[in-house]
Amino acid sequence: MKVVLMNTPMEHTLKMEREDSFFESYGYYPPLGLLYLESYLRKNYDCEIKILDCIVSKFGYEEIEDYISRERPDIIGITSFTSVMFDILKIASLIKEVSPETKVVVGGAHATIYPIETASLPNIDVVVIGDGEEIFTELVRRIALDIPFDDIKGIAFKKNGGIIKTENINPNKDLNSLPFPDRTKVPYQKYTCLIGNEKVMTTMMSSRGCPFKCTFCNSPEKSYRVRSPENIILELEEINNIGIKEVFFFDDLFNISSRRVLEICKLIRERKFQIKWSFRGRINGIDEELVEALKESGCERIQFGIETGSDDEMKLLKKNLTTTDVRRVVKICSDLGITTTGSFMIGLPGDTIDKIENRFRFAEGLGLNYVQYAVLIPYPYTEVYKEGIQRGFFASDVWLEYAKKPQPDFIPPIWEEFVKRDELYKLLNRGFKSFYFRPKFIIKSFLNLSSFGELKKKVRGAITLLHS
């Protein structure tokens, strides 16, 4: 059996929170989900497996066609994100033209939210729902042995002119049982981050799911599961051994348990890893003791989801947070030498130009090292999207219609109650330029440069901003 796991190109990507060119300037992250899938399959079933990351390898349709013609895989597994569903359809069609016997299996976030709609699309044979390691491995085994797979839990597929969706499988609670991703299966030296300090970086996962209920969050998995600190340290050791010196923990939220984070920091210090690391974190639970431990263990940066600059708006988004909390935590991090990135949204329910500009001023006054601004996209099944439908801001369930028939000219819904789409994107660009082209920020950035490579990355990002 030959299996190819594919991250599709983004030739027809929907314009979402911001143009792709801006995000490309941030660098590329490795396809962590595919790496987990590859390691689990390799451990549990004897077959030939390859990962094709079309994004970092810059493969377009022509290169993919040549690759499939040459490799002739039995199964191609594709990661689905809503923004690239039209590309996935094009790739699936191309696969069937070049190699009609190849089974096309689609998993990932979009397929999990819309399993029946995704399985109904042409040239897609099977959809995997939720955590894919166990399900996909069993599917490969059944296909290899030509055994019916109708009773596998957590899939959707075509049969007798209709769609069969089986019972969902419970999420894997024992994340320690998963084999570590083998980062050498992809060109790991090509993954980097604009705001990182090392030439090469990788991502890592210490937990899955998120227990919180922010109104805008579209994470399909609310079952929160964690790996043990000892298990995390073993993977860090593997990463260190192949020469990667920077790690970004890609959890939805890394620091839900302060006690767990303190134990991870303690073990990193004991092992004396020469690794710089960062994470996406929650303001709640951050105090001086934790930040000191983070700094001593090599943590350099925390990315906080702050979203807004008003206590009333925090309540509206169900952030369980106050602006006082935000100011306190950012100051602690700044005082103790931890770099901070704050993520903010515009186009919230009730947003006006004045509110958005106040949000920008709040962000600029916090002392953050970096900001990420985005236009709020009300994603499928989020509370804000349901509210938009109920209040008539969206004429119909536009995401469901898109899931049934993805089109490259689809325009994602945004909240245009008082500020229209074009004005929101103008404000977005203005907010970025206002933050990053302040003399204080520019001088501080140059004083803190650690290498010529870091300078080149930041100049590239600045040029992207200037042309946006």
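This is a predicted model: local features need pLDDT of at least 70, side-chain atom pairs count only at pLDDT 80 or more; totals for chains, interfaces and linings use all residues.
Colleague: Is asparagine 320 buried or exposed?
Modeller: Its relative accessible area is 59%. Exposed means over 50%. Asparagine 320 is therefore exposed.

Colleague: What separates the C-alpha atoms of asparagine 320 and asparagine 284?
Modeller: Along the chain, asparagine 320 and asparagine 284 are 36 residues apart. Leaving out residues up to four places away in sequence, asparagine 320 touches Arg282, Asn284 and Met314. The C-alpha atoms of asparagine 320 and asparagine 284 are separated by 8.5 Å.

Colleague: Is threonine 215 buried or exposed?
Modeller: Threonine 215 is found in the loop between strand E9 (207–208) and strand E10 (225–226). Beyond its neighbours within four places in sequence, its contacts are Leu316, Leu317, Lys318, Thr382, Glu383 and Val384. Its relative accessibility is 5%, so threonine 215 counts as buried.

Colleague: What is the hand of the crossing of H3 and H4?
Modeller: Helix H3 (residues 61–71) and helix H4 (residues 85–98) pack at about 35°, with axes 10 Å apart. From H3 come Tyr61, Ile64, Glu65, Ile68 and Ser69; they meet Asp87, Lys90, Ile91, Leu94, Ile95 and Val98 in H4. This contact has seven nonpolar, one polar and three charged residues. The crossing is right-handed.

Colleague: What span does helix H2 reach?
Modeller: Helix H2 (residues 32–44) has 13 residues. At 1.5 Å a residue, 18 Å is expected. Its first and last C-alpha atoms are close to that, at 19 Å.

Colleague: Which strands are the edge strands of the sheet with seven strands?
Modeller: The sheet is open and its pairing is mixed, in the order E2-E1-E3-E4-E5-E6-E7. An edge strand pairs on one side only. The edge strands are E2 (48–53) and E7 (162–165).

Colleague: What angle does the direction of helix H7 make with that of E3?
Modeller: In this sheet the twist averages 20° from one strand to the next. Helix H7 (residues 133–144) packs on the sheet. H7 touches strand E1 (2–7), strand E3 (75–79), strand E4 (103–107), E5 and E6. Its direction makes about 160° with that of E3.

Colleague: Which residue stands opposite valine 128 in E6?
Modeller: Strand E5 (residues 126–128) and strand E6 (residues 155–159) pair in the antiparallel sense. Three bridges make up that pairing. Opposite valine 128 stands isoleucine 155.

Colleague: Which residue takes a positive phi in the hairpin of E6 and E7?
Modeller: E6 and E7 pair in the antiparallel sense over four bridges. Lysine 158 has isoleucine 163 in E7 as its bridge partner. The hairpin has two residues between the strands. The positive phi, near 50°, belongs to asparagine 160.

Colleague: Why is one side of E8 and of E15 left without a neighbour in the sheet?
Modeller: Six strands form an open sheet with parallel pairing, in the order E8-E11-E12-E13-E14-E15. Strand E8 (202–204) and strand E15 (370–375) stand at its edges.

Colleague: Which residue in E12 is the bridge partner of phenylalanine 248?
Modeller: Strand E11 (residues 246–249) and strand E12 (residues 276–281) run parallel. Four bridges join E11 to E12. The partner of phenylalanine 248 is serine 278.

Terms used:
Residues are numbered from 1 along each chain as its sequence is written. Side-chain values use heavy atoms; hydrogens and water are left out. Buried means under 20% relative accessible area, exposed over 50%, partly exposed in between (1.4 Å probe, protein chains only). Contact means heavy atoms within 4.5 Å. Axes are lines fitted to C-alpha atoms, for helices over the stretch in contact, and angles run from 0 to 180 degrees between N-to-C directions. A crossing is left-handed if the near helix is turned anticlockwise from the far one by less than a right angle, and right-handed if clockwise. Ala, Val, Leu, Ile, Met, Phe, Trp, Tyr, Cys and Pro count as nonpolar, Asp, Glu, Lys and Arg as charged, and the others, Gly among them, as polar. Two strands pair if DSSP finds at least two bridges between them. The expected span of a helix is 1.5 Å times one less than its number of residues.
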